[in-house]
Amino acid sequence: MSKMLCVSLGKEAAYDREKDAFPVFFASKVKLAGDTQGKHRIYAAYTKDFQEFSKTFLYFERENHVIDTTILQSGGKYFRISKDETSKRLILEEADSLRGEFAQLDSPVLNALDGVEGPEGYLLPDGKTWCLIADQFQTGKGYLPMVSGDLGKEDFRILSPEEYDMGLNKKRHGGILQVTDEEYEALVRFYGGDDPIIEGLYAEPRP
C-alpha cells in the first residue's frame with residue numbers, strides 16, 4: 001500500500017513526451033517592451049536531468065495576470081490548471097501537446113470557486129480518480145480537495161467536510177509525493193504525528 005504526503009513546492013515540472021524532457025515552469029512578473037506595467041506570465045526551462053537547463057522562455061500568458069500553474073497528463077492529453085490573478089479563479093485547459101494550443105474547458109465547479117490559488121493535481125492510489133487541491137487563500141482555510149473520474153469529461157466534485165481531514169495544521173501551496181508504508185512509518189517516527197487527509201492518504205507529519 002501507499003500513502004500521499006503534502007510537501008512544500010515552489011516550482012513545477014511536467015514530462016513532455018515529444019521532447020523527452022521536463023519543462024520546469026514558474027510565474028514571474030516582468031515588464032516587457034510595450035507593457036505599461038509589469039505582468040505575471042508563466043516562464044519555463046527544459047531539462048532532462050534537473051542539473052542542466054535550457055534558456056528560460058515565455059511558456060504562456062493571458063490578457064490578465066496568470067500565476068500558479070499545474071499540468072496533468074491523462075488519456076494522451078495535457079490538462080493545464082492555472083490561476084487567473086485578476087478574477088482569483090482557476091482555469092482548466094486541454095491540449096494534445098505540451099507546447100501546443102490549449103483550449104479552455106468549461107468547469108462550472110471551478111468557475112464558481114473564487115478566492116483560490118496554488119492548484120496541485122495528482123492521481124489517487126486507485127489509479128483512476130484525479131484529485132485537485134486548491135488553496136483557499138481568501139478565507140484562510142488552506143487546501144480544498146476536489147475529485148474527478150475523467151479529466152476533460154467529468155467536472156470536479158468538491159469533497160464534503162466529512163470526506164476528508166487535512167489535520168490540525170493548515171496545508172497550502174504544496175506538492176504531493178507518493179510514499180510506501182515503510183517510508184511513511186519512518187517519517188512518522190522521525191517527526192511524530194499522524195495527519196489523515198482522505199481514507200488511506202496522509203499529509204505531512206506534524207513536527
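## Exercises on a sheet and its rings

In strand 4, Tyr-43 is the bridge partner of Phe-26. Strands here are DSSP runs of E, at least two residues, numbered from the N terminus. This is a predicted model, where local features need pLDDT of at least 70 and side-chain atom pairs count only at pLDDT 80 or more, while totals for chains, interfaces and linings use all residues. Residues are numbered from 1 along each chain as its sequence is written, and side-chain values use heavy atoms, leaving out hydrogens and water.

**Exercise 1.** Find in which order the strands form the open sheet.

*Solution.* Start with the rule: two strands pair if DSSP finds at least two bridges between them. Next, count: 2 bridges join strand 2 to strand 3 (residues 22–30), and 9 bridges join strand 3 to strand 4 (residues 39–47). Finally, read off the order, 2-3-4-5, with antiparallel pairing.

**Exercise 2.** Work out what kind of aromatic pair Phe-25 and Tyr-59 form, and which strands they lie in.

*Solution.* First, the rule: rings of Phe, Tyr and Trp (its six-membered ring) pair if their centres lie within 6.5 Å; planes under 30 degrees apart are stacked, over 60 edge-to-face, the rest tilted. Now apply it: the centres of Phe-25 and Tyr-59 are 6.5 Å apart with 35 degrees between the planes, a tilted pair. Then locate them: Phe-25 is in strand 3 and Tyr-59 in strand 5, so the pair ties together parts 34 residues apart in sequence. Lastly, both Phe-25 and Tyr-59 are buried (under 20% relative accessible area, 1.4 Å probe, protein chains only).

Notes:
Helix = DSSP H or I, 4+ residues; strand = E, 2+ residues; numbered from the N terminus. Buried < 20%, exposed > 50% of the residue type's maximum accessible area, 1.4 Å probe, protein only.
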